[in-house]
Amino acid sequence: MRFRFCISILLVALIAGCGSKDDVVVDVNINSPDKNVLYLNRIDFNQIFKVDSVKISKGENHKRFRIKQGDEPEFYSIGTKDGKAVTILASKGERIKLTLDLNNILSYQVEGSEGSSKVKEVVLAFAKSKAKVDVLSNRYLSSDSPEEREALNKEFDAERKRIKDELTKFIWDNPMSKASIMALYLKYNDNIYVFDSSDDLLLIKMVASAWKALYPKSNYTKGMLEDIKSIEKKITNAKFQQMIQNAEMPIPDLSISDRHGKKITLSSLKGKVVLLDFFTSENTVSLLDNRELMEIYKKYKSKGFEVYQISYDSTKEAWLNYLNSSNIPWISVREEDPKKSQAAIFYNVKQIPANYLIGKDFNIIGKNLYGKELQKALNEYLNH
């Protein structure tokens with residue numbers, strides 16, 4: 001598998017520029033044992049761009065960086081030439097406070113950035129695993145006993161499986177976070193990645209599909225899609241071909257109850273074009289969108305179009321009253337406590353209304369499509 005992601009486990013991030021409310025501002029408090037130079041870099045999928053550098057003195061320093069930030073969250077690193085650095089994941093308009101000590105880089109603290117907090121979770125989990133693997137590697141290299149080497153190999157395999165399971169859970173819990181891309185590309189050294197087998201194809205597809213929907217022109221999207229093609233080219237025997245065919249749910253599945261208490265899974269709609277819609281009858285825009293969607297549904301239902309609509313009405317009664325009065329013809333479901341919605345977390349829903357258009361292969365093919373834009377997408381996809 002040809003991974004090319006340039007994030008090292010001890011990288012960090014920031015930026016510089018001048019001022020609008022969308023800029024990222026990072027206040028850095030840094031303790032240095034010596035005079036040094038602090039480098040600020042932006043980390044792209046397969047390369048690193050130098051942004052700025054500043055001299056720091058021995059002891060405590062305070063620096064402020066301001067970055068012009070686009071819509072896509074970006075990884076930035078801040079650190080010294082000797083590799084003592086950390087990574088942050090900055091989103092538009094964030095005001096980030098970073099505290100780090102070059103004597104103990106992993107003790108860094110970050111506030112004001114949800115993405116950076118998730119990155120730190122990944123970094124600390126993997127750093128613990130890498131430290132253990134480094135010890136095992138040194139013992140392996142110094143051992144002359146075949147039996148001991150075999151035992152050390154088993155320990156390594158067990159540790160690799162442990163961290164892989166831990167990171168897999170993180171990725172499934174955070175499929176729409178760019179921190180999950182970072183988790184997918186972690187490596188112990190230049191040759192050994194945590195995720196490096198054909199068995200990881202479904203996980204990579206899920207993250208790539210989510211990121212493609214959010215940022216189709218991103219270099220991370222392009223890089224992951226290239227890696228998926230590379231993996232699939234290597235899958236030549238019947239067993240692996242079957243695995244590809246079975247990997248048709250590369251996005252988080254949902255299982256939510258309808259008005260009758262029956263669990264409806266998103267994956268049960270396999271083979272259809274599905275609009276995954278996040279809705280509340282307590283929102284005027286949502287009501288207008290639903291009225292328009294009714295006509296679109298009538299037009300395209302016979303062509304294989306379905307709607308899986310999740311209600312975020314504050315009460316079950318409000319939801320049921322709306323269903324009874326509006327005669328909604330599509331699938332309508334509601335979680336028990338919309339305020340703690342797992343679906344919203346999985347699909348990174350920050351406001352309602354919102355939707356994703358999902359293709360027959362369960363890859364996301366569009367986001368927040370309404371009215372004419374939705375009809376255009378359905379025409380192009382269903383008539384393709």
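Let me start with helix α8, residues 316-326, which lies across β11 (273-279), β12 and β13 and runs at about 170 degrees to β13. Contact here is heavy atoms within 4.5 Å; axes are lines fitted to C-alpha atoms, for helices over the stretch in contact, with angles from 0 to 180 degrees between N-to-C directions. Helices (H or I, at least four residues) and strands (E, at least two) are DSSP runs, numbered from the N terminus.

This is a predicted model, so local features need pLDDT of at least 70 and side-chain atom pairs 80 or more, while totals for chains, interfaces and linings use all residues. Residues are numbered from 1 along each chain as its sequence is written, and side-chain values use heavy atoms, leaving out hydrogens and water.

Now the sheet. It is open, with five strands in the order β13-β12-β11-β14-β15 and mixed pairing; two strands pair if DSSP finds at least two bridges between them. At the edges, β13 (331-334) and β15 (364-367) each pair on one side only. The twist averages 20 degrees from one strand to the next. Strand β12, residues 305-311, runs parallel to β13 and is joined to it by four bridges. Gln309 has Ser332 of β13 as its bridge partner.

Helix α10, residues 371-382, lies across β11, β12, β14 (354-358) and β15, at about 160 degrees to β11.

Last, the core. In the largest nonpolar core, of 87 residues, Tyr308 and Tyr347 touch the most other members. Such a core is a set of buried Ala, Val, Leu, Ile, Met, Phe, Trp, Tyr and Cys residues joined through side-chain atoms within 4.5 Å, buried being under 20% relative accessible area with a 1.4 Å probe, protein chains only. Helix α4 (201-214) contributes the most, ten residues.

Notes. Buried means under 20% relative accessible area, exposed over 50%, partly exposed in between (1.4 Å probe, protein chains only).
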